[in-house]
Amino acid sequence: MQQITLGRIAAYAAMILVALVILAPLGWMVVMSVTPTVQLTSVPLRWIPETLDFSRYERLLSLEHNSDGEVFLYALRNTCWVAAGTTVIAFVLSVPAAWAFSRIGGRTKWVLYLIVGTYMLPPLMFVVPLYRILAALSLLNSPWALMVADSTIVLPFTTWLLKSGIDNIPVEIEEAGAIDGASLFRTLWAITLPLARPLIGTTLLFSALIVWDEFLYAILFTSDSRAQTLTVVIANLASGRVSDFGLLATAGVIAAVPPVIVGLVLQRSIVAGLTSGSVKG
């Protein structure tokens with residue numbers, strides 16, 4: 001009993017430590033966003049602000065013409081659009097690919113390794129061919145350009161992750177559906193995907209997060225507010241000689257809100273997807 005108690009105490013202590021390491025920077029970013037600039041630059045540093053300053057939130061959430069808020073909100077809209085579009089495109093393409101790799105087996109294993117290998121290559125290698133393709137299609141400086149470019153990053157990841165989930169679904173269940181007269185599409189849609197639902201939620205979330213934080217393609221394939229995303233706009237806020245660290249923290253807090261909301265909505269699916277090891281028929 002004593003060993004069990006000590007082990008439980010050590011486990012809780014480790015979880016608290018991990019939580020502090022993760023949440024402390026986020027908490028400090030929130031504090032910085034409401035701390036007046038004078039107090040942020042004072043020595044010694046004040047960890048708790050004497051007064052709260054919400055002017056930066058008003059500045060970034062304003063739609064006044066040619067203001068920082070207009071540029072930031074356009075970037076937030078573009079980021080949501082690109083993240084959602086890329087996630088849908090990658091998911092639609094990866095579902096049949098993942099099913100084929102899972103069910104056909106060894107004959108396509110080398111193709112799967114080749115696809116996953118592209119995910120391990122630096123994105124910089126694809127910049128020139130992607131730029132030429134997007135320029136030929138007149139897609140540069142548009143959200144569609146980033147959807148196409150980001151799909152090259154997300155698609156290998158979603159294919160590999162979905163394959164691991166489909167592997168755990170007994171093929172006998174699909175064969176039973178086929179015996180009952182279901183087509184291949186019907187079997188995939190009505191049997192396989194519902195059984196893989198927990199992993200689908202995890203896949204969608206991580207795919208959206210990959211796109212949400214992407215910077216290289218966003219800065220190379222966009223040039224103005226029509227298509228620029230949050231990563232580019234926040235980098236531009238920090239590009240001056242004197243950076244307003246409070247404004248950067250405010251931008252980070254606002255930019256973190258949509259992913260947090262999506263994560264809370266998909267929380268059950270994420271936990272089930274990360275912990276599922278088998279599917280019983």
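Which side chains meet in a salt bridge at 3.7 Å, N to O? They are those of Arg-56 and Asp-244. The model is predicted. The structure holds five salt bridges, and the count of aromatic pairs also comes to five. The largest nonpolar core has 32 residues.

**Salt bridges**

- Arg-56 counts as buried, at 5% relative accessibility, whereas Asp-244 is partly exposed at 25%.
- Glu-174 and Arg-103 form another salt bridge, with the closest N and O atoms 3.1 Å apart.
- Because Glu-174 sits in helix H8 (residues 171-179) and Arg-103 in helix H4, this pair ties together parts 71 residues apart in sequence.
- Glu-174 is buried, with a relative accessible area of 6%, and Arg-103 is partly exposed at 22%.
- Arg-226 pairs with Asp-224 in a salt bridge whose closest N and O atoms are 2.9 Å apart.
- Arg-226 is exposed, at 56% relative accessibility, while Asp-224 is partly exposed at 25%.

**Aromatic pairs**

- Among the five aromatic pairs is the tilted one of Phe-54 and Tyr-57, at 6.4 Å centre to centre and 45° between the planes.
- Phe-54 is partly exposed, with a relative accessible area of 46%; Tyr-57 counts as buried at 17%.
- The rings of Trp-81 and Trp-144 have centres 6.0 Å apart and planes at 90°, so this pair is edge-to-face.
- Trp-81 belongs to helix H4 (residues 68-104) and Trp-144 to helix H7 (residues 143-167), so the pair ties together parts that are 63 residues apart in sequence.
- Trp-81 is partly exposed at 44% relative accessibility, as is Trp-144 at 47%.
- Tyr-131, Tyr-217 and Phe-221 are linked into a cluster by ring pairs.

**Nonpolar cores**

- Within the largest core, the residues with the most contacts are Leu-60, Phe-72, Leu-146, Tyr-217, Phe-221 and Leu-230.
- Elements giving two or more residues to this core include helix H3 (55-60), helix H6 (127-136), helix H10 (197-212) and helix H13 (245-265).
- H4 provides the largest share of this core, seven residues.
- A second, separate core has nine residues, among them Val-95, Trp-99, Leu-162 and Leu-188.

Notes: Residues are numbered from 1 along each chain as its sequence is written. This is a predicted model: local features need pLDDT of at least 70, side-chain atom pairs count only at pLDDT 80 or more; totals for chains, interfaces and linings use all residues. Side-chain values use heavy atoms; hydrogens and water are left out. Rings of Phe, Tyr and Trp (its six-membered ring) pair if their centres lie within 6.5 Å; planes under 30 degrees apart count as stacked, over 60 as edge-to-face and the rest as tilted. Buried means under 20% relative accessible area, exposed over 50%, partly exposed in between (1.4 Å probe, protein chains only). Helices (H or I, at least four residues) and strands (E, at least two) are DSSP runs, numbered from the N terminus. A nonpolar core is a set of buried Ala, Val, Leu, Ile, Met, Phe, Trp, Tyr and Cys residues joined through side-chain atoms within 4.5 Å. A salt bridge is a side-chain nitrogen of Lys or Arg within 4 Å of a carboxyl oxygen of Asp or Glu.
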